[in-house]
Amino acid sequence: CGDAASACVNQDYCDGSGGCADSGFAPPGTSCDDADVCTTQDTCSAGACVGGGILSCDDGNVCTDDYCDPSVGCSTTSNTLSCDDSNLCTQNDVCQGDGTCKGEGTLCEHGCDEATGECMAGDDDFDAVPDDVDNCLDLFNPLQADQNDDGEGDKCDNSDGDVHLDADDNCPDVDNAAQVDSDSDGLGNACDNCPDVANAGQEDDDSD
């Protein structure tokens, strides 16, 4: 009597009269192993071991192609599909062929806010006032003073249109590119009521 016992078939035995008898099949649903690592919940059915569900090999990574190899189990192959690297500041995200996802940098000149994906404003004059709200972009002016309310900070005002900004112009309301100040009183000749004698206060008692 040669049939060996298995999880789903009981061993044959001699019936005493020179014959073989089978003690029967294991009850349906008895756990067994069908020798295929890609099946789960194997159970007996009519003496045979039958695989249940298919083993899921999905690792949740869009950059890998997941499958089950009957000889070794779950395996993966990296791909180069489009993906999302979860960084709002990158674009054209692509799987790198090693299971990772990477995007290209944005075109933001001054960096990107990773929380929103929006470009950050620069601060070219390093006055702690972002360029997009700075009333004098190229000159340090943290106070943002604008006495004439023209939208341009006092630091950048050039009332007379010459090459000197008002803050450095010895005669800010009169074009005087040469900045001549004969009496060295801080007022350019072009607007000094007494250019040859120092009189920074511009006193003129008789209003002449």
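Me: Where does Asp98 lie?
Reply: This is a predicted model, in which local features need pLDDT of at least 70 and side-chain atom pairs count only at pLDDT 80 or more, while totals for chains, interfaces and linings use all residues. Residues are numbered from 1 along each chain as its sequence is written, and side-chain values use heavy atoms, with hydrogens and water left out. Strands are DSSP runs of E with at least two residues, numbered from the N terminus, and Asp98 lies in the loop between strand 7 and strand 8.

Me: How many bridges join strand 7 and strand 8?
Reply: Two strands pair if DSSP finds at least two bridges between them. Strand 7 covers residues 90–95 and strand 8 covers residues 101–105, and in the antiparallel sense they pair over four bridges.

Me: Which residue in the turn of the hairpin has a positive phi?
Reply: Strand 7 and strand 8 form this hairpin, with five residues between them. The residue in the turn with a positive phi, of about 85°, is Gly97.

Me: What is the phi of Asn92, a residue other than glycine?
Reply: Asn92 is found in strand 7, and because its relative accessible area is 52%, Asn92 is exposed. Its phi has a positive value, near 50°.

Me: What distance separates the C-alpha atoms of Asp98 and Val37?
Reply: Asp98, in the loop between strand 7 and strand 8, is 61 residues from Val37 along the chain. In the model, the C-alpha atoms of Asp98 and Val37 are separated by 26 Å.

Me: What distance separates the C-alpha atoms of Gly60 and Asp33?
Reply: Gly60 has its place in the loop between strand 4 (48–50) and strand 5 (64–69), and at 69% relative accessibility it counts as exposed. Gly60 and Asp33 are 27 residues apart along the chain, and their C-alpha atoms are separated by 28 Å.

Conventions: Buried means under 20% relative accessible area, exposed over 50%, partly exposed in between (1.4 Å probe, protein chains only).
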